[in-house]
Amino acid sequence: MSQPTDSTNMKQLDEALNSPGQLGVRQLVGQLPEDVPNLVWRSRLNERLAQSQQQSRRRRLVLRVKWGGFAATAGLAATMGLILLSRPAITPALDVSQEPGIEAAMITAHREADSAMDVSSATVSESFVAHRSKAETPPFQWSEADLEAL
Amino acid sequence: MAILTGAHRLEQRRRREETSEQSLIERCRRQDAVAFGMVVDAYQSRVFGFVRRMVRDVEDAEDVAQEVFIRAFQAFDRFDGRSSLRTWLFRIAYNLCVDRARRSDRQGLTQTIEGSDVDDEPIEFADHRWNPEQVSLTTELSLHVEDAIARMSEKLRTVLLLHDREDLTYEEIALAVSVPVGTVKSRLFLARAFLQDQLSGYLHEVSQ
């Protein structure tokens with residue numbers, strides 16, 4: 001029987017463990033003389049503990065150096081990432097020309113004038129001159145009557 | 001009123017002890033050698049006594065007992081406080097004793113650690129074999145007890161020593177040895193019954 005499964009068995013076992021015979025053995029075992037390790041044992045233990053402490057310090061130092069390098073690299077990468085992420089985004093300008101309103105009308109007018117300038121070049125075009133010449137009032141012609149009136 | 005004051009004092013003392021052990025544990029976690037020295041002072045006799053009774057060779061026992069404290073010192077940052085410090089130390093001690101016995105067993109130096117499979121034997125709950133109520137422990141009797149404990153299987157010996165010698169609870173032993181509480185109880189019963197059988201002859205002689 002390796003493991004009492006039901007509570008009845010467990011209760012029986014508890015009772016049996018508290019029987020005088022069992023408690024008598026407990027008393028005997030409890031009264032056995034204490035084992036005190038000698039000073040040589042303790043001194044040797046102190047030496048081994050000191051060695052162990054030194055080794056663990058060295059191990060931690062190596063670990064710290066390794067982790068320090070890793071942390072510095074990771075930190076640098078993170079900083080670079082942050083810089084890249086925090087750069088102001090180039091957002092497209094608001095195209096007001098697509099929207100109805102006075103701004104759109106002004107822009108359209110400006111663009112048309114601009115393209116007209118492109119087409120006509122910076123100098124005055126012949127057609128423009130011709131148009132202006134045609135539009136000019138012809139020189140006043142004095143008639144004989146006018147002259148007599150004078 | 002006096003009882004209440006007494007209980008209050010006991011409670012205060014218990015809390016003080018818990019706090020001091022807790023602070024000691026915290027210092028040990030930071031690899032404080034002085035604090036760990038205090039832990040060694042507090043437990044060296046108990047750990048050494050347990051190991052000496054578990055490992056047959058005295059030099060081996062001394063080495064294992066030192067190893068217990070070295071392992072504890074190295075692994076203190078992993079001690080999570082779920083069990084008491086003494087349970088943790090005895091758990092390390094038990095594991096190291098088992099390891100040492102297995103190693104010796106592989107080298108063919110000692111007998112197997114398992115001993116007989118007494119766990120599979122049925123338990124006779126009635127206990128009429130021996131009633132040593134008035135038995136006092138003389139030096140001679142203590143030698144007989146030690147000898148009988150040494151002849152016991154490792155499984156029974158562990159539970160007997162941890163419970164009857166080191167005053168660990170059934171639950172603490174179950175945690176240290178990694179077996180259910182019911183198994184701890186049945187092993188303890190069998191260990192005591194074995195001891196009764198072994199000592200009955202000697203006690204019968206003495207009484208005559």
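Reply: This is a predicted model. Start with the contacts of chain B: among those between residues at least 6 apart in sequence, 68% join residues at least 24 apart. Chain B has eight helices and zero strands, and its elements, taken from the N terminus, run α-α-α-α-α-α-α-α. Of its 208 residues, 36% count as buried.

The helix to look at is α6 of chain B, which covers residues 154-165 and so has 12 residues, by the DSSP runs used to assign helices. From the first C-alpha to the last, α6(B) reaches 15 Å, close to the 16 Å expected at 1.5 Å a residue.

Next comes its cover. α6(B) is mostly covered, with 10 of its 12 residues buried. A residue counts as buried here if 20 or more other C-beta atoms lie within 10 Å of its own. The buried residues of α6(B) are K155(B), L156(B), R157(B), T158(B), V159(B), L160(B), L161(B), L162(B), H163(B) and D164(B). An α-helix has 3.6 residues a turn, so residues three or four places apart point the same way.

Just after α6(B), the backbone has a feature to note: D167(B) takes a positive phi of about 60°.

For context, turn to the other chain. Chain A holds six helices and zero strands, in the pattern α-α-α-α-α-α along the sequence. Of the 150 residues of chain A, 7% count as buried, while for the 208 residues of chain B the figure is 36%.

Conventions: Residues numbered from 1 in each chain as written. Chains lettered and ligands numbered in written order. Predicted model: local features only at pLDDT ≥ 70, side-chain atom pairs only at ≥ 80, totals over all residues. Helix = DSSP H or I, 4+ residues; strand = E, 2+ residues; numbered from the N terminus. Expected span 1.5 Å × (residues − 1). Contact = placed C-beta atoms within 7 Å.
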